[in-house]
Structures are given as structure tokens and as C-alpha cells.
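Student: I have a protein model open and I'd like to learn how to read it. Can you walk me through it?

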Amino acid sequence: MNPYASLSVDCEPFSNTPDPAFLASTNQHATCLQELEISLRLRRGLCVVTGDIGTGKTTLCRSLVRALSGDADIDLHLMLDPQCDSTEEFLRVLLASLTKAEQGVHSGQEQGEGNEPGLGPWQLKEAIKQQLFRLGEEQKRLVVLIIDEGQKLSPENLETLRELLNYETNACKLLQIAIFAQSELEPVLAAMPNLADRINLRRKLLPLGLGETAALIRHRVAVATAEGQPPLKLFRPLAVLAVHRISGGSPRKIVRLCHKAMLETVLRGKTRIGLREVLAARQTGDSLGFRSRLARASFGFAATCALVLALWLSLGGGGPVLQAGGQAAGVGAQSAGHNAGYNGDSSALDAGPTLRPEAGVTRALPRGVSLLPATDEGRPGAAIPGLTLAPESTGPALRGKVQGVPLGDAPASGPSLAPGAPSTLLQPS
């Protein structure tokens, strides 16, 4: 039974297996595959392809294997897991792979010639060199070693591969190596200049652009479409745009999201995939991370609001205008400065703005307390918009004396303090 019969496709176009037939037909993938094949056939030595998770390295690796496996003159060896506990174990795996075709198939032996347990690293390297010389010079075969998951290679095993690259004739190298690895391998190579200098071809796979995302989707749908049928326009333009924005151009995320969008379309009984199906597919699985980030952001916003509210209440319920006990904030600041360093010299108060009543106010201050800078002529300047500490309707009505002088009769140059004056300039009546 074909679950996608209503969509006119014969098979799953967005399978998560590295099928070479579904290789992204994008410029960077096609170019990289062509460059790899040319470099290996010309016996140039070492090739390295790196990229982030899900950028198509494994699919590109399998495509390279399929392109080379059809040639009878190529002796191809694929290592899917290069992680070994020691250099000796790594050499034994290589020697067994190189000699298996000759010794294991014809004589029924599991271990190749010279791969006895008692051999040390030097004897294993000599056995590998002799086998490479036999295959490359006597049989005129091209020996290619392809390593996937290359980030698992230890620096010691990478150094072993560098030494194997030294096995060469006057015309060419006896062993060709292609490594596909995640970006974690890049700093390791940077710390090994002797090996990095021997890399003939080095490419890094990047996330796809919008046009490449559309090309990948079209290519996979075309491969899954029955032969002889016209190309299907299964995804609407807005759906393709949504897939690209949600996936960030990662081929693996594109494939997974498109697969879920197809299932959503089948369940809804539709024949084309639109924006709603893509958004619904994101909510079925991929939105878990999005919802988690949204919940954390909401919690952070709520915590910030609670902190601001707690700070406001800690100021006595009056906000930044009044401190505890109804004392003006600016007055408290001057009082603190007077108590800390006042020595009877009124010049100590000239460092900052002076707290003065507005012009024309003799007793109460119904409009709130304003900060007015003093001028050179000794008279208060005009009120500066935005510096009023309280709204007109809620400003505190303050009365007080400065050295026995009412506020309305205070001199224009501002109050002055003599030694022994009280530290509080404005006292509530």
C-alpha cells in the first residue's frame, strides 16, 4: 500500500537514509562531488570535506562510493567508524580491509596476510606498504580509502594516515584518502600543519540558500514521481519559503520537515502542500524547541517585571519620588552629602543641581518638586521639561524653613548652610 497515492508519488521522497539518488542537486554538492572524483582519479592524495550536522556529508560520501564502485580498476575501501583505541588497532583494521579481497575471499581466512596478532605497529605499516605496492604497481589498480565520521579520528591515527600518504612512486601516490567529517575536525587539522599541508582538496559544506532549498525539494519529488509522469508541483511557493526559514537551510531538517508536511497533507485529504501544512508539521515535533525557548523568554520577562515591582515597593510605595518617611529623594541625597563631608563651606554644595521651589510659589508646592539649575546671575533658570519628579496632581506639598527663612522668602541664589545647620533642608510641617 502506497500512503502517498493521493499525492501522485510512488515512494517516500524525503527518506532519512543517505540514498545517493536523492543527493541534493545543488551547486555546492554537485561541484564538490565532481572535484572529489577528479582528485582521486588523478591520485592527488588527501581530500577533506567538513560541514555542520545535517549538511549532507554522508549522502555525498555514498554518492562518491557509487560513482567509483562501478570502475573495475578501482580498489575501494569504506570505513564508516574510524574510532579505534590505539594506533595498532587502526593499522590492523586498514590492513584487514586492504587484504580481505585477496586473502579472505579466496583462502577463507579472516585475517589478511601479515596481519597476525604478534605484529607491532612497524610490522603492520610494512605489511600495508607492501600491499599498496602490490595493488598499485603490479596490478595497476587505484586504491581509495573513504572515511566517514572523520571527526572520530584521533590525532595519532591522523598522523598514521599522513605517514601512509608517504607511500608513493615517482609518478603518483599509492593510497588515495577522502575524509568526510563534522566541523570538529577543523581545529584538529589546524593543530597539525604537517597533515593540513598535504590536503589537496578541502571543502566545507554550508547551509542551503532559498533557491537551493527549492531545488532540493523539486529534485526529491521528481525522483519519487512515477516514470513518465510530468513533474509535480507538490509544494506551494509559500510552503517552500516556510520550510527554508524553519530549517535554516539544513538538508537534514528540510527532509524531516517535508516528510511531516506530507503526512499532514495526506491526513487532511489535500493534494498539495501549503503553508498551513508546513506550520502544522513544525508543531508536531520541531516546535518543541521553539516552545521551550518561548517559555524561557516569557519566564524571564515575568521575572524582570517582578524585580522592578519589588524595587518600586522597597522605596516606600512612592517610587523614585519619595523615600521612606515622605522625605524628598533629592533632599535626602543633599543631606547625606552634608553629613558625609560638610565642613561649613557653602561651596561644597555647588557640585550638583540645587533643589529650589518654582518661581511664584511661596508656601506649598502643588505641582511637585522640580530641579532647577542655578545661573551665573544668581537667579533660578527656567524649568527643564522632563525633570519634574512627580506629576502635577500627586506632587507632595512640602513646607519648611532653611535657617528660619520660609521657602517663599528664600533668596534667589539658593539656601546656604552654616556650621551647625540641620542636615535636612526641607522639613515637613
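Predicted model: local features only at pLDDT ≥ 70, side-chain atom pairs only at ≥ 80, totals over all residues.

Student: Okay, now the inside. Which members of the largest nonpolar core touch the most other members?

Tutor: The idea here is to gather buried nonpolar residues that are joined through their side chains. That core has 33 residues, and the ones touching the most other members are Leu-46, Leu-94, Ile-128, Leu-132, Leu-158, Leu-161 and Ile-179. Several elements each supply at least two residues, including strand E1 (46-51), helix H3 (87-107) and strand E4 (176-182). Zoom in on Leu-94: setting aside residues up to four places away in sequence, Leu-94 touches Met-79, Ile-128, Leu-145, Leu-161 and Leu-164. Apart from this core lies another one, with 24 residues, among them Leu-208, Leu-257, Val-278 and Ala-281.

Student: What about the outside: which residues form a nonpolar patch on the surface?

Tutor: Look for Leu-210, Leu-238, Leu-241, Leu-275 and Leu-279, which together have about 400 Å² of accessible area. Helices H9 (237-247) and H11 (275-314) each supply at least two residues of the patch. Leu-210 sits in helix H8, residues 210-224. Because its relative accessibility is 41%, Leu-210 counts as partly exposed.

Student: Which residues of H9 are buried?

Tutor: First the general idea: an α-helix has 3.6 residues a turn, so residues three or four places apart point the same way. In H9, the buried residues are Ala-239, Val-240, Ala-242, Val-243, His-244 and Ser-247. After H9 comes Gly-248, with a positive phi near 70°.

Student: How many aromatic pairs are there?

Tutor: For these, you check how far apart the ring centres are and how the planes are angled. The count here is one. Phe-14 and Phe-235 pair edge-to-face, at 5.8 Å centre to centre with 80° between the planes. The pair links distant parts of the chain, 221 residues apart: Phe-14 is in the segment before helix H1 (27-41), and Phe-235 is in the loop between H8 and H9.

Student: Are Phe-14 and Phe-235 buried or exposed?

Tutor: Both of them, Phe-14 and Phe-235, are buried.

Technical notes: Residues numbered from 1 in each chain as written. Heavy atoms only, no water. Core = buried A, V, L, I, M, F, W, Y, C linked by side-chain atoms within 4.5 Å. Buried < 20%, exposed > 50% of the residue type's maximum accessible area, 1.4 Å probe, protein only. Helix = DSSP H or I, 4+ residues; strand = E, 2+ residues; numbered from the N terminus. Contact = heavy atoms within 4.5 Å. Patch = residues over 30% accessible without salt bridge, like charges linked within 9 Å, V, L, I, M, F, W, Y side chains within 5 Å. Areas by Shrake-Rupley, 256 points an atom, 1.4 Å probe, with all protein chains shown as cover. Salt bridge = Lys/Arg side-chain N within 4 Å of Asp/Glu carboxyl O. Phe/Tyr/Trp six-rings, centres within 6.5 Å; stacked < 30°, edge-to-face > 60°.
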